[in-house]
Amino acid sequence: MNPLEESGRGSRCIDPCVVVIFGATGDLTGRRLAPALYNLGREGLLPPNFALVGFARREKSDTQFRDELKKDISTYSRVKPLDIPFWNNFQEQIFYHRSNFDDDAGYIALAGKLKAIDGRYATRGNRIFYLSVQPKYFPMIIEKLDQFGLIYSPSDTRWSRVIIEKPFGHDASSAAKLQSDIRKHLDETQTYRIDHYLGKETVQNLLVFRFANSIFESLWNYRHVDHVQITVAEDIGIAGRGHFFEEEGLLRDVVQNHMMQLLSLVAMEPPVSLSAGAIRDEKVKVLQSLRPLQESDFEHHVIRGQYVPGFIDGKPALGYTQEKDVSPTSKMETYVAMRLFIDNWRWAGVPFYLRAGKRLPKRVTEIAVVFKDAPGVLFQKNGQKNDPNVLAIRIQPDEGISMKINCKVPGPSSPIQPVKMDFRYGSYFGQSPPEAYERLIWDCILGDSTLFARSDEVAKSWEFFTPLLQFWERQGEIKLVSYVAGSWGPLAADAMLAQEQKAWRMP
């Protein structure tokens, strides 16, 4: 069943299974995956016949691994304090397996351990393998899993699924090769390319918001929309990921995946059904309709920036080249802003402005749909226009939706002032929404791939951005502009919109 269907979370049939996390001693497991599984278990959303196995290279016992996860869950879980009675039962289903990723003996031993767990917990041989490792290990691990019988044929009564973390490739050619390597061992129905943005409650609500409310769907086109802005801002720097960021940069890390997913959901046509295939078909059509970037766009409508020392919340912040594991002469981007067009009937001529950056004033992800001005016959003095109506969809934090409209201020002078109609998930429903990884892991257990990227989605996104990446490689430091940490990015990004009589929205 699809996560957008009306039925509740607890109404789905959940098969028994074992989740195996490769790279289980890494930061992602402690901060995201373990708390997600703990909260799913607390809410009764994991199958009763369930087990978790951590696969990593460090030497440790089951007890040590459980104690580490307990500490991580106590720190990072959205629900506090730790539910001790539940944890005492849950930890008995957690195990640790030490092995190098390339060690045949380790996979043979893993197969034996999983068979024993099947016998003890009646998990029926169903497996999820979560690859929380560097991308270079993806093909090798999947090959080993297949070699030692841990991946089944799609026709088998048992099932095996593999969750792959981003980045999926480095450019179009590397993504195609990675997909080719994986396809030798995995069917597409067994491959779950995770993008945690798609697990966020507001992102899931996008389609409901658009297609279940005729008042908005009728306005969702070039006749009424002036432009769309998508912002992914982080107030932190690279958070100790210097080696990773020096290889990837912001465009690969954020724009090519997160922002393209948001763009496709905002711009897609109504699917013929709520099936995973129908929804992903429409997302791919958006990516196919993107107007290819030309060199003139690289020069004038793509801004590439890097932060220099400044202040965040009144505290000094390092520049990018001063960060740990970053070259002092690095030319890697930490900010990208660009203008895109979708050449189809619905969005003909409507610019989409994207911006993403590190060390901006605050952490926020937002989609802003800016509507065209009302005819200038009434309520305008001295030719001065009123503020445009803006529909803002807040993805994180404080998930919600707001609408800016113009209203008369009480009193005889009748000035017009923009006001905001605000809806917030937490305050309205009385609880914070589930974390993204909870939603996505649960969907994978259910075999629902709606909120995971399909291979052709990934390929089309890389096809669009690879020419830009190649241009940057040829240009080197040319067109890399600086911005002060704690600001909203380079002045060139403001100028890009100003020359079209527009401005970035301040979220």
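A crossing of two helices is left-handed if the near helix is turned anticlockwise from the far one by less than a right angle, and right-handed if clockwise. By that rule, helix H9 (residues 242-267) and helix H14 (residues 455-475) cross in the right-handed sense. On the H9 side, the contact (heavy atoms within 4.5 Å) involves Leu-251, Arg-252, Val-255, Gln-256, Met-260 and Gln-261. H14 brings in a set that includes Trp-462, Phe-465 and Trp-472. Sorted by type, the contact residues come out as nine nonpolar, three polar and three charged, where Ala, Val, Leu, Ile, Met, Phe, Trp, Tyr, Cys and Pro count as nonpolar, Asp, Glu, Lys and Arg as charged, and the others, Gly among them, as polar.

The model is a predicted one, in which local features need pLDDT of at least 70 and side-chain atom pairs count only at pLDDT 80 or more, while totals for chains, interfaces and linings use all residues. Residues are numbered from 1 along each chain as its sequence is written, and side-chain values use heavy atoms, with hydrogens and water left out. Helices (H or I, at least four residues) and strands (E, at least two) are DSSP runs, numbered from the N terminus.

Now to the strands. Strand S2 (residues 50-56) is largely enclosed by the rest of the structure, because seven of its seven residues are buried, meaning under 20% relative accessible area with a 1.4 Å probe, protein chains only. Phe-50, Leu-52, Gly-54 and Ala-56 cover one face, and Ala-51, Val-53 and Phe-55 the other. Strands count as paired if DSSP finds at least two bridges between them. S2 runs parallel to strand S1 (residues 17-22) over six bridges, with Cys-17 opposite Phe-50. Five bridges tie S2 to strand S3 (residues 94-98), also in parallel, and there Phe-55 faces His-97.

Strand S5 (residues 160-164) is mostly covered too, with five of five residues buried. It runs parallel to strand S4 (residues 127-131) through five bridges, Leu-131 being partnered with Ile-164. Three bridges link S5 to strand S6 (residues 191-193), again parallel, and Ile-163 sits opposite Tyr-192.

S1, helix H1 (residues 27-42) and S2 form a right-handed β-α-β unit, that is, with the strands pointing away from the viewer, the path from the first strand over the helix to the second runs clockwise. S4, helix H5 (residues 138-147) and S5 make another right-handed unit.

Methods:
Buried means under 20% relative accessible area, exposed over 50%, partly exposed in between (1.4 Å probe, protein chains only).
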